[in-house]
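These are my notebook entries on a structure that is new to me. I set down each point as I looked it up.

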Amino acid sequence: MNLHLFPRRGYVKQPTPIEWLPRLSERLGVEVHAKRDDLLEGCLGGNKTRKLDFSIAKAISQGADALITCGAIQSNHCRLTLAWAIRENLECHLILEERVKDTYDPKGSGNNFLFNLLQANSVKVVPGGSDVHGEMERLSEKLIAQGKRPFLIPGGAADPVGALGYAACAQEITGQLLESGQSFSHLVCASGSGGTQAGLLAGFAATNTPIKVIGVNVRRPDRKTQEDLILGLTRDTLSLLGFKGEFDPSQVHCDERFLGLGYSRPSETTLEAVRLLARTEAILVDPVYTGKSLAGLIGLAREGYFKRGDKVLFLHTGGFPALFTYLELFPEVVGPWAAQGGD
Ligand SMILES: Cc1ncc(COP(=O)(O)O)c(C=O)c1O
């Protein structure tokens, strides 16, 4: 796998740490480590920095001066695209899809607040189920008519170019394991628009690394639909990489059971995961993405899925800025503390 063939901006300056989580491991009876992509650079970190490293490089190589992208109303991908656009001196236009009706609050906190603070060039909110790609195309035509050179990045940077970021991450992990002499039987990550899981699968296939990747559905309720999406994107990424071997479809594993009530709607297992990681390791996950992928890991551990000697790598893909928009989900924390005046 020769990633040097692709333009890249160098947003990932050093490998993110792989940290043992001793207290969580003890609670679960399985050895768990975290790959800390929540610590990546960009404004407050997260997985999209790796993808945008390649996507924005492509935009710049084509002479773009404006980025257009889309996501949910609390999109981490939109925050990071905006953040990197600022650093690259590019315009950034966002289309936000209100996937859960009446949840958009123009005065909202978390990523909504950051879109305003960082000053996106434009933000348009469209109802859930809208033709978001069509919206981006129409905006692009408008900007071209104004003499701009816009570049469209798909939601989640979920195309083969963006997925290269996670093929690079797979290579990074393989290098870290060689150096430390460690090995992992499983990697658990969130699976939404799919580029993270597909990029990892492509990267591990191309480097012949036998780690079983389990994607926890955070958006689609149907396992097969998500697995088909991941398979297609993995194959396209491998083909972009010039991989000549066969990719075995049985390597694609998604688990829909930890989605909770639907996209961005957590269940009690998600909230338990958020609390547990905070209280055992002081690491924050969010109720939309990483709380669900961690709930998946916890659920699998409790049902005895991992065998004696298995070692599990939890890919922390970030997302914690949205945690602060969900305070009402943690009344036991907010209420008594506030009542006692806090200290
Ligand atoms: C924090 C976080 N983790 C995981 C994901 C899912 O990654 P992917 O869209 O590559 O499947 C997202 C997607 O937006 C995210 O924001």
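Which helix holds the place of Val334? I found Val334 in helix H11, which covers residues 331-339. I note at the outset that I am working with a predicted model.

**Entry on the surface patch**

I looked up the surroundings of Val334 on the surface. Val334 belongs to a nonpolar patch together with Leu284, Phe324, Leu327 and Val333. I recorded about 400 Å² of accessible area for these residues together.

**Entry on the domains**

I turned next to the division of the chain. The domain assignment gives domain 1 as 3-47 + 158-332 and domain 2 as 61-157. The centres of the two domains, taken over C-alpha atoms, are separated by 24 Å. I then looked up the contacts and found that 23 residues of domain 1 touch 21 residues of domain 2. Between them, domain 1 and domain 2 bury about 1,800 Å², and 56% of this area is on carbon and sulfur atoms. On the side of domain 1, Tyr11, Cys43 and Tyr263 supply 28% of the area buried against domain 2, which is more than any other three residues supply. I also noted 2 salt bridges across the interface of domain 1 and domain 2.

**Entry on the salt bridges**

Side chains of opposite charge can pair when their charged atoms come close. How many salt bridges does the count come to? I recorded 25 salt bridges, and I examined some of the pairs.

I began with Glu88, which forms a salt bridge with Arg9; their closest N and O atoms are 2.9 Å apart. Glu88 lies in helix H3 (residues 76-88) and Arg9 in the segment before strand E1 (18-20), so this pair ties together parts that are 79 residues apart in sequence. Is Glu88 buried or exposed? Glu88 counts as buried, because its relative accessibility is 18% and the limit for that class is under 20%. Arg9, at 39% relative accessibility, counts as partly exposed.

I then took up Lys13 and Glu41, whose side chains meet in a salt bridge at 3.3 Å, N to O. Lys13 is in the segment before E1, and Glu41 is in the loop between strand E2 (31-36) and helix H2 (48-61), so the pair ties together parts that are 28 residues apart in sequence. With a relative accessible area of 59%, Lys13 is exposed. Glu41 is partly exposed, at 32%.

My last pair was Arg223 and Glu256, a salt bridge in which the closest N and O atoms are 2.7 Å apart. This pair links distant parts of the chain, 33 residues apart: Arg223 is in helix H8 (residues 223-240), while Glu256 is in the loop between strand E9 (253-255) and helix H9 (268-281). Which residues do salt bridges with shared partners join into one network here? I found Arg223, Asp255, Glu256, Arg257 and Glu303 joined in this way.

How values were computed. Residues are numbered from 1 along each chain as its sequence is written. This is a predicted model: local features need pLDDT of at least 70, side-chain atom pairs count only at pLDDT 80 or more; totals for chains, interfaces and linings use all residues. Side-chain values use heavy atoms; hydrogens and water are left out. Patches are made of residues with over 30% relative accessible area and no salt bridge: like charges are joined within 9 Å, nonpolar side chains (Val, Leu, Ile, Met, Phe, Trp, Tyr) within 5 Å. Accessible areas come from the Shrake-Rupley method with a 1.4 Å probe; for residues, only the protein chains shown count as cover. A salt bridge is a side-chain nitrogen of Lys or Arg within 4 Å of a carboxyl oxygen of Asp or Glu. Helices (H or I, at least four residues) and strands (E, at least two) are DSSP runs, numbered from the N terminus. Domain bounds come from an automatic or database domain assignment. Contact means heavy atoms within 4.5 Å. Buried area is the accessible area (1.4 Å probe) that two parts lose on being put together, summed over both. Buried means under 20% relative accessible area, exposed over 50%, partly exposed in between (1.4 Å probe, protein chains only).
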